[in-house]
Amino acid sequence: MNRFIEMAAELLYPWCCPGCGKLTSYKTIWCGSCINDTWNPRLVNSSVTDHLDGCYTLCDYHSGMRKCILQLKYNGKSELSKAFPPLLDRFPWWDRMEDFKIVIPVPLASRKMKERGYNQVDKMFQKWMESAGKEYFPQGLVRLRRGETQSLLTRVERYKNIKGAFH
Ligand SMILES: [Zn+2]
């Protein structure tokens, strides 16, 4: 019966790959081609402070992945939050996260939050982290001042831009 409901749901509400628009299943979400093109999980060893144990990335930021994130971030496509759990489920080093109890997202500037209506990080991670038993705590960081848009800055400029911006 469940399989019948799944098939009916796929017929009534077909899911398109958020990277290229090809018809896919709501279980896999992404097409194989977009996944193969961007899937590249790794630990990025480029921290600039002593306060960071590790920074992980799952996908390269180009092609379909870039398109999907830009749509979620700048085009109000909050329904694209569904695109991330299947990727996050494939995170290969979950055992390294076992000791962490609380997840704190970086808050948006209040002006951006008003414009966008949501923090895209919440859309991408909140449900996934809660289902993994972590406490998702958006109040953990407070933005003290507005900064320039990080995506338009160089690496050094980003560091300066963010310094002292949060409590
Ligand atoms: Zn695709």
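So, pLDDT is the predictor's confidence in each residue, on a scale from 0 to 100. I start there since what I'm showing today is a predicted model, where local features need pLDDT of at least 70, side-chain atom pairs count only at pLDDT 80 or more, and totals for chains, interfaces and linings use all residues. Residues are numbered from 1 along each chain as its sequence is written, and side-chain values use heavy atoms, with hydrogens and water left out.

How confident is the predictor, then? The protein chain has a mean pLDDT of 87, with 92% of its residues at 70 or more. Helix α1, residues 2-12, has the lowest confidence, a mean of 67, while strand β6, residues 135-136, has the highest, at 96. Those element names come from DSSP runs numbered from the N terminus: helices are H or I and at least four residues, strands are E and at least two. Where pLDDT is low, the predicted coordinates should not be read in detail.

Okay, the metal. Which residues are the protein donors of the zinc ion? Cys17, Cys20, Cys31 and Cys34, each through SG, lying 2.3 to 2.4 Å from the zinc. A donor here is an N, O or S atom within 2.8 Å of the metal (3.2 Å for Na, K and Ca), and water is not among the atoms, so sites may look incomplete. The angles that the four donor atoms subtend around the zinc run from 105 to 114°, and that makes the arrangement tetrahedral. The cut-offs, for the record: four donors are tetrahedral if all angles lie between 85 and 135 degrees; four are square planar and six octahedral if opposite donors are over 155 degrees apart and all others between 65 and 115; anything else is irregular.

Along the chain, the donors follow the spacing C-x2-C-x10-C-x2-C. Cys17 sits in the loop between β1 (15-16) and β2 (23-24), and Cys34 sits in helix α2 (residues 32-38), so this pair ties together parts that are 17 residues apart in sequence. Both are buried: Cys17 at 3% relative accessibility, and Cys34 with a relative accessible area of 9%. Buried means under 20% relative accessible area, exposed means over 50%, and partly exposed is in between, using a 1.4 Å probe and protein chains only.

Next, helix α6, residues 120-131. Gln120, Asp122, Met124, Trp128 and Met129 are its buried residues. They pack against α3 (63-74), α4 (85-88), β5 (102-103), α5 (110-116) and β6, where contact means heavy atoms within 4.5 Å.

Asn119 lies in the loop between α5 and α6, and Asn119 is buried, with a relative accessible area of 5%. One of its side-chain oxygens reaches to within 3.0 Å of the backbone nitrogen of Val121. A polar atom of the Asn119 side chain also lies 3.0 Å from the backbone oxygen of Val106. Polar contacts are pairs of N or O atoms within 3.5 Å; within protein, one must be able to donate a hydrogen and the other to accept it, and residues adjacent in sequence count only if both atoms are side-chain atoms. Leaving out residues up to four places away in sequence, Asn119 touches Val106, Pro107, Leu108 and Met113.

After α6 comes Gly133, with a positive phi near 85°. Then there's Glu135, in strand β6, partly exposed at 45% relative accessible area. Beyond neighbours within four places in sequence, Glu135 is in contact with Lys101, Ile102 and Val103. Glu135 and Val103 are 32 residues apart along the chain, yet their C-alpha atoms are separated by 6.0 Å.

Most residues other than glycine have a negative phi. Ile29 is not a glycine, and has a positive phi of about 65°; Ile29 lies in the loop between β2 and α2 and is buried, at 4%. Ser63, in helix α3, has a positive phi too, near 40°, and is partly exposed at 38%.
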